Amino acid sequence: MKPPPRKTDVDAQIDANLKRAFEDLASEPVPDRFTELLSKLRSGEDVPDKGSSSDEQ
Amino acid sequence: MSNDPRDELVEHLGPLRAFALSLCRNSATADDLVQDSLIKAWTNIDKFEPGSNMRAWLFTILRNTYYSLHRKRKREVEDVDGAYADTLAQKPDHDGRLAMRDFNVAFDQLTAEQREALVLVGAGGFSYEEAADTCGVAVGTIKSRVNRGRARLAELMSVEETEAIEITDNVTAGIVAKHGAA
């Protein structure tokens with residue numbers, strides 16, 4: 001059985017794509033909902049125990 | 001000592017969302033997952049070991065939340081809305097944009113377990129050991145998920161490559177045929 005050619009190239013390309021997809025998403029502006037949630041938690045306010053309770057999108 | 005680890009949570013929001021999306025592939029579900037995970041992290045902050053890897057700790061919370069939710073409402077969670085592909089499509093002038101869309105379409109076809117292993121190791125910079133801890137499985141299991149995920153992606157994407165080559169060859173063949181006939 002011949003090993004597939006340029007296997008490491010393919011892996012490196014896949015990892016580069018993974019990194020790019022991940023970093024593009026990770027560097028998106030974080031929705032206010034999360035920074036607001038953190039300040040609510042900090043001030044000890046009641047927070048919705050389910051994400052689904054925020055109906056307005 | 002004076003540092004409250006809860007102050008660090010905000011630094012991990014972006015990666016946490018990206019990880020959530022790589023698991024559930026639906027932006028509304030992903031954001032709900034992040035919210036639930038943040039609340040859990042906040043209320044269980046005493047279980048976080050200062051100085052250890054907070055991102056890995058948060059990812060563990062998020063994936064546990066995901067899998068308990070997943071068992072409850074499998075169909076809903078699996079409703080992929082192409083969040084990865086849409087996000088990338090909105091980015092102008094990326095030369096590899098089309099290739100990235102193809103990649104994301106292929107990525108959607110992996111199992112959630114393969115996706116998380118690939119994201120942790122391939123994109124998140126986790127070692128196999130850290131990824132294994134995060135997922136609560138053996139190192140060998142993570143290695144095999146990464147290898148299978150990579151092999152599947154390569155297979156899915158090389159199918160497209162082959163098709164592209166065939167089209168080019170047909171065009172070439174057509175041109176050659178025309179010239180030959182002329």
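**View 1. The largest nonpolar core of this predicted model draws on both chains.** This core holds 59 residues. Seven of them touch the most other members: Phe22(A), Leu9(B), Phe19(B), Leu38(B), Leu62(B), Ile142(B) and Leu153(B). Which helix gives the largest share of this core? Helix 3 of chain B (residues 54–72) does, with 10 residues. As a bit of background, nonpolar side chains tend to be buried together in soluble globular proteins.

**View 2. Leu38(B) meets residues of both chains.** Here we zoom in on one of the core members that touch the most others. From chain A, Leu38(B) touches Phe34(A), Leu37(A), Leu38(A) and Leu41(A). From chain B, Leu38(B) touches Leu9(B) and Leu13(B). Residues up to four places away in sequence are left out of this list.

**View 3. Ser37(B) sits in helix 2 of chain B.** That helix covers residues 27–43. Is Ser37(B) buried or exposed? Ser37(B) counts as buried because its relative accessibility is 1%, and the cut-off for buried is under 20%. Setting aside neighbours within four places in sequence, Ser37(B) is in contact with Ile61(B), Leu62(B) and Thr65(B). You have already met Leu62(B) among the core members that touch the most others.

**View 4. Chain A and chain B bury about 3300 Å² between them.** Carbon and sulfur atoms account for 66% of that area. On the chain A side, Leu18(A), Phe22(A) and Leu25(A) supply 20% of the area buried against chain B, more than any other three residues. The contact involves 30 residues from chain A and 41 residues from chain B.

**View 5. Salt bridges and polar contacts also link the two chains.** How many salt bridges cross the interface of chain A and chain B? There are four. One of the salt bridges joins Arg17(B) to Glu28(A), with the closest N and O atoms 3.7 Å apart. Between the chains there are also four residue pairs in polar contact. On the side of chain A that touches chain B, helix 1 (7–26) and helix 2 (32–43) each supply at least two residues. Helix 1 of chain A gives the largest share, 13 residues. By type, this side of chain A has 16 nonpolar, four polar and 10 charged residues.

**View 6. Arg148(B) is an exposed residue in helix 9 of chain B.** This helix runs over residues 139–181. Arg148(B) counts as exposed because its relative accessible area is 57%, and the cut-off for exposed is over 50%. Look for Gln114(B) too: Arg148(B) and Gln114(B) are 34 residues apart in sequence, while their C-alpha atoms are 7.4 Å apart in space.

Conventions:
Residues are numbered from 1 along each chain as its sequence is written. Chains are lettered from A and ligands numbered from 1 in the order in which they are written. This is a predicted model: local features need pLDDT of at least 70, side-chain atom pairs count only at pLDDT 80 or more; totals for chains, interfaces and linings use all residues. Side-chain values use heavy atoms; hydrogens and water are left out. Helices (H or I, at least four residues) and strands (E, at least two) are DSSP runs, numbered from the N terminus. Buried means under 20% relative accessible area, exposed over 50%, partly exposed in between (1.4 Å probe, protein chains only). Contact means heavy atoms within 4.5 Å. Buried area is the accessible area (1.4 Å probe) that two parts lose on being put together, summed over both. A salt bridge is a side-chain nitrogen of Lys or Arg within 4 Å of a carboxyl oxygen of Asp or Glu. A polar contact is a pair of N or O atoms within 3.5 Å; within protein, one must be able to donate a hydrogen and the other to accept it, and residues adjacent in sequence count only if both atoms are side-chain atoms. Ala, Val, Leu, Ile, Met, Phe, Trp, Tyr, Cys and Pro count as nonpolar, Asp, Glu, Lys and Arg as charged, and the others, Gly among them, as polar. A nonpolar core is a set of buried Ala, Val, Leu, Ile, Met, Phe, Trp, Tyr and Cys residues joined through side-chain atoms within 4.5 Å.
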